[in-house]
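Hi everyone, thanks for coming. Please have the sequence and the structure open while I talk you through a few parts of it.

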Amino acid sequence: MRRRADRAPRGTVPRVRAAAGRPRKRGVDLSVDLGPLRLKNPIVAASGTFGYGTDFLPYLDLRDLGGFVTKGLSLLPRRGNAPPRTCETPSGMLNAIGLANVGVEAFLSEKLPALRDCGTAIIANVFGETQEEYVAVARRLNGAPGLAALELNLSCPNTEKGGLAFGVSPPVVRQVVAAVRRAAPDLPLIVKLTPNITDVAVAGSAAREGGADVLSLVNTFLGMAIDLETRRPVLDNVVGGLSGPAIKPLALYMVHRVYREVGLPVLGMGGISCAEDALEFILAGSAAVQVGTLNFFDPTGSVRLVREIEAWCRSAGVRAVRDLTGTLRLPAGRPPAPCSG
Amino acid sequence: MPSDIAAPVIRHDVLGRDHFLLTLECPAIAREARAGQFVMLRAGRGFQPLLRRPMSICRVLPGRRGRIQVLYKIVGEGTRCLSQQPVGATVPTLGPLGNGFRLAPDGTRPILVAGGIGIAIFPFLVEALRAARRATPLLIYGARANRDLVALDFFRARDVPMRLATEDGSRGTKGFVTRILEPLLARKDRGPRMEIFACGPTPMLKAVRERALGAGVPCQLALESQMPCGIGVCLGCVVGCPPDERGPIFRRVCAEGPVFGAEEVVL
């Protein structure tokens, strides 16, 4: 049986709104559907930027979010890379955390019980160094009470393929997604695509063939920073993932392309930091969006986006945010293919 | 519990070359702050810089208005942007964050060791020690040159004895703070028990840590780190800790720190 993330009827205002004394205004329906997954609104906090959910309780009410994605979970706990792990870059940041996490068992026994009834969709991000590890983690999470969906992180280095990320090889993507699909048949399956590939739509199609329900994109772009004084890389890991507003146009184009080419619901992300950014991703084809780096510099930014999107829809006469998905007005007769000039 | 407040700038004073003292009104933060904790300040409005900057809470001012002070030095784009915030502007301020200093047990003499802008954490600690009626601390304070020694008036006004060091010898002992600390540690058995509180650049903390561990004197280190979020979620600010059989252990400076026991970290 597929789960619904939120059983509240469409168009109802979350309890917290009423409690906070904000007057209920007439009807913008913020709920969105991503295949089998329903979210109460289109804002989801991205993996690696939201801990396991509880870290944000001092700053926001989780019920105000469409959902959040946990830190990536592996079979065993991982301690991650040596510092320095992060570096600020123009309008962005590099990170090389090294997939540090508590491991799937500790997540199930310590983190998830604290989140039950938190009133938002909890999406578990899953990764492995081998296909077997992906399968083992997914199998362990399948049927876990309170979980709304799985998100597969395909940017992890594949130790059996010389450390090349799973997500860069379409046949590997198809195979891993199919194996996880079989291991976790009860949960909606979101596949998170890496942008570090020639054509992200090819990987997206492979994920669809493997049985993905939803595609989330993009993960971070590989990048580096150099300290001229020491002539060394800034990150101990040498290379890191670039996120933040700097990557927004790159990510937006990839969402546009995948939406047009693949035919699966899209959960878009990449540098979103205001309602307008989120709405651009929605016009390009996202059913919902994730916000990541924003959570670092503005811990209440995600819920502000929900309110701002609602206000924008009201002023634009949009009754349901889902009606906006993919409504980008393209020049007549222009194919959505990449241009070389 | 930490709060995120658009804090108005009440004063913004220049304290000599590149050093500034910023007074912000943020009652919820002032009420809960402890010596050694920090705030995350957003220096500008746009994306340059993008991330907030962690800053020690220098003081909580007396009075009901709930004002805190942040002492900082321009070291890059974030602090340069912060320095341009005029009185009346608002600075998004998140805090208080992290774990503060554990006050030295009664009868122990606190030795405060500051390097450069690391001095910013100590006014609050001095006031906390006074409030808890602990022994008057000794401040050992080193900087590049005389003009980089700031906030001396604060300590002088509170009768805190100071031993100064400058790298160029323009004031006090020529050299690093360890030149003052070492003889003190050598004589440790002749006076009251000591506890060291240190904040400054990593090479200084490393040297102080080694001397303190060598002398068997308790020592708390307030660490600095690249800190994208400050609230424990990004895992970017970690410091290496003594390894176990499975390898290195990393702890978050923002959440488990920024104050660590000298024996808890490997610098």
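**A walk through two chains**

Let me start in chain B, where the bridge partner of Ile111(B) in S9(B) is Leu138(B). Before I go on, a word on the source: this is a predicted model, in which local features need pLDDT of at least 70, side-chain atom pairs count only at pLDDT 80 or more, and totals for chains, interfaces and linings use all residues. Residues are numbered from 1 along each chain as its sequence is written, while chains are lettered from A and ligands numbered from 1 in the order in which they are written.

Helices (H or I, at least four residues) and strands (E, at least two) are DSSP runs, numbered from the N terminus. Two strands pair if DSSP finds at least two bridges between them. Back to our bridge, then: strand S8 (109–115) of chain B and strand S9 (138–143) of chain B pair in the parallel sense over five bridges. Helix H3 (122–131) of chain B packs on the sheet and touches S8, S9 and S12 of chain B. Its direction makes about 170° with that of S8(B); such angles run from 0 to 180 degrees between N-to-C directions, with axes fitted as lines to C-alpha atoms, for helices over the stretch in contact. Helix H6 (202–215) of chain B also packs on the sheet, touching S8, S12 and S13 of chain B. As a whole, this is an open sheet of seven strands with mixed pairing, in the order S11-S10-S9-S8-S12-S13-S16 (chain B). At its edges are S11 (173–174) and S16 (259–261) of chain B, each pairing on one side only.

Now over to chain A. Here a closed barrel of eight strands runs S3-S4-S7-S8-S11-S12-S17-S18 (chain A), with parallel pairing. From one strand to the next, the twist averages 25°. S7 (121–126) and S8 (147–153) of chain A run parallel and are joined by five bridges, with Ile122(A) opposite Leu147(A) in S8(A).

S18 (286–291) of chain A holds Val291(A). Is Val291(A) buried or exposed? Val291(A) is buried, because 26 other C-beta atoms lie within 10 Å; the cut-offs are 20 or more for buried, 12 or fewer for exposed, and partly exposed in between, with C-beta atoms placed from the backbone. Leaving out residues up to four places away in sequence, Val291(A) touches several residues, including Ile43(A), Ile272(A) and Leu305(A); contact means C-beta atoms within 7 Å.

Next, a helix pair. The axes of H4 (170–183) and H5 (200–210) of chain A come within 7 Å and cross at roughly 30°. That makes H4(A) roughly parallel to H5(A), a label for angles under 35 degrees. Among the residues of H4(A) that meet H5(A) are Val173(A), Val177(A) and Arg181(A).

How many of the 11 residues of H5(A) are buried? Nine of them are, so to speak mostly covered, and the cover includes H4, S11, S12 and H6 of chain A. After H5(A) comes Gly211(A), whose phi is positive, near 115°.

Finally, where the chains meet, the contact takes 29 residues from chain A and 27 residues from chain B. S5 (86–89), S6 (92–95) and H8 (293–297) are the elements of chain A that give two or more residues to its side.

That's my tour; happy to chat.

Technical notes:
Parallel < 35°, antiparallel > 145°, perpendicular 65-115°, else oblique. Contact = placed C-beta atoms within 7 Å.
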